[in-house]
Amino acid sequence: MVRSKQGSLQGDILVWREIYTVGPVFKEMNTDTHLTVRAKYLEQNLGIPAEQYRMTCKQQEEQLAKFRQYDEVVLWFEHDLFDQTMLCYLLSFFAHQDLGNTKLNLLTIGEFPGIERFRGLGQLTTEQLLTLSGTWQLVSSKELQLGDALWKAYASRDLDELRQLLDGDTSALPFAKEAYLAYLSRLSSEPDGIGSVEQEVMKEIAAGEHSPDGLFRKVGNTLHQLGLGDLEFWYVLRTMAERSQPLIMLEGVEDFKTDTTGGASFKNASISLTKAGLSRV
């Protein structure tokens, strides 16, 4: 959240630290039970310390609850699934709040002049970010209602409801449709659990890319609507290698099954397709 003043970026900034694209999510994320379930999953699969995760979540939820202290709140989010899920969660929160005298605004972009392949706000310099100041739009009931509905469908894993929403009018949130369609595409319609990310990994390996970092860059560029992070990608690679019929195998790494953070030994590994993987390319 950013509070604006006189065309510059001033006030308090709250960086929403979550990764709703991985692990169990719930309509209400801030209950002790839900936090515990999610913290355990993220620690086991992404290596995020459970206690650190719980503490971060509680702190940001406490800060979010103080939004009425501000005359204006601006939500800054990018176009990909990683950001759009966070945006919809926050819109769902605000949809059930009395905003009082607080103005709620939204800035969400999918491109920037001069940047051929826009991946996110992190690419922009301070000067470039300042050009966006004041370009945000007031959030109306349409954004709140759509964000609330999308979050509830996503959190409940009600894919039929989500598809129905995406077939309707999503113009209030211009990047939501493509982002959530990318989410649906990464889910496998087959019992073996191979979706768009796994397919793209195998395609790139078959084309001659064998390094984890190289695969991360290439798959991330192709499936940019997902906003894949490195920890999430290492998790995908591990699951591909640990299946009952592995799709990939790694050479040059000893602690692959316990290295959840994509450490140096993992990044220096060489990845190739197994016989099962070759049969799927």
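1. Cys88 has a relative accessible area of 0% and therefore counts as buried, a class that means under 20% relative accessible area, with exposed over 50% and partly exposed in between (1.4 Å probe, protein chains only). Cys57, at 5% relative accessibility, is likewise counted as buried. A search of the whole structure finds zero disulfides, a disulfide being a pair of cysteine sulfur atoms within 2.5 Å.

2. On provenance, this is a predicted model, in which local features need pLDDT of at least 70 and side-chain atom pairs count only at pLDDT 80 or more, while totals for chains, interfaces and linings use all residues. Residues are numbered from 1 along each chain as its sequence is written, and side-chain values use heavy atoms, with hydrogens and water left out.

3. The protein chain has twelve helices and seven strands, taken as DSSP runs (H or I of at least four residues for helices, E of at least two for strands) and numbered from the N terminus. Of its 281 residues, 48% are buried. Among contacts (heavy atoms within 4.5 Å) with a separation of 6 or more, 65% join residues 24 or more positions apart.

4. Asp83 deserves a look, as this residue of helix H3 is buried, with a relative accessible area of 8%. Not counting residues up to four places away in sequence, Asp83 touches Phe77 and Glu78.

5. Which residues does Ile248 contact beyond its neighbours within four places in sequence? They are Ile205, Leu237, Met240, Ala241, Ile271, Ser272, Leu273 and Thr274.

6. The second largest pocket is lined by 19 residues, with Thr21, Arg186, Leu187, Glu198 and Tyr235 nearest its centre. Helices H7 (176-186), H8 (196-206) and H10 (230-241) are the elements that give two or more residues to this lining, and H10 supplies the largest share, five residues. A pocket here is an open set of points on a 1 Å grid over the protein atoms alone, where a 1.4 Å probe fits, with protein on both sides within 12 Å along at least five of seven lines; lining residues have an atom within 4 Å of a point.
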